[in-house]
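Have a look at the model first, then read on.

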Amino acid sequence: MNEQFIGALNMARKDAGIPFRISSGYRCESHNKKVGGVKDSSHTKGIAADILTSGSEERRKILVAVLRYFPRVGIHKSFIHVDLDIEKSGDVVWVY
């Protein structure tokens with residue numbers, strides 16, 4: 001995992017004031033393919049993570065915190081994806 005990415009994740013976790021339960025971090029190419037990840041996944045670069053959420057209050061706390069540190073955020077009903085991939089569009093939020 002990329003040190004800058006881990007630092008941003010730790011700062012966001014501290015700001016959120018709750019533990020982050022990571023369901024997916026670094027993925028090798030074969031595992032990424034097995035789980036249906038996109039070909040150029042930021043997970044394979046060590047600069048992405050999916051943070052599990054268990055409800056709307058927790059989701060909001062995490063979202064407010066990660067938006068301070070991550071230019072790319074994806075929102076799913078059960079997790080929030082964050083990454084620092086400068087090779088992709090920045091300042092974006094998408095839904096799954």
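In which hand does α1 pass α3, left or right? Bear in mind that this is a predicted model.

1. The crossing is right-handed where α1 passes α3. The axes of α1 (residues 3-16) and α3 (residues 56-66) come within 8 Å, with a crossing angle of roughly 130 degrees. That angle is why α1 counts as oblique to α3.

2. Now for who touches whom. On the α1 side the contact is made by A12, D15 and A16, and on the α3 side by K61, I62, A65 and V66. Sorted by class, the contact of α1 with α3 has 5 nonpolar and 2 charged residues, and no polar ones.

3. On to the sheet. It's an open one of 5 strands with mixed pairing, and the order reads β1-β2-β4-β3-β5. The edges go to β1 (22-24) and β5 (92-95); each has a single partner strand, so one side of each has no neighbour in the sheet. From one strand to the next, the twist averages 25 degrees.

4. Within that sheet, β3 (residues 72-75) and β4 (residues 79-83) run antiparallel and are joined by 4 bridges.

5. α1 packs on it and touches β1, β2 (48-52) and β4, its direction making about 25 degrees with that of β2. As for α3, it lies across β2, β3 and β4 and runs at about 10 degrees to β4.

Conventions. Residues are numbered from 1 along each chain as its sequence is written. This is a predicted model: local features need pLDDT of at least 70, side-chain atom pairs count only at pLDDT 80 or more; totals for chains, interfaces and linings use all residues. Side-chain values use heavy atoms; hydrogens and water are left out. Axes are lines fitted to C-alpha atoms, for helices over the stretch in contact, and angles run from 0 to 180 degrees between N-to-C directions. Helices (H or I, at least four residues) and strands (E, at least two) are DSSP runs, numbered from the N terminus. Angles under 35 degrees count as roughly parallel, over 145 as roughly antiparallel, 65 to 115 as roughly perpendicular and the rest as oblique. A crossing is left-handed if the near helix is turned anticlockwise from the far one by less than a right angle, and right-handed if clockwise. Contact means heavy atoms within 4.5 Å. Ala, Val, Leu, Ile, Met, Phe, Trp, Tyr, Cys and Pro count as nonpolar, Asp, Glu, Lys and Arg as charged, and the others, Gly among them, as polar. Two strands pair if DSSP finds at least two bridges between them.
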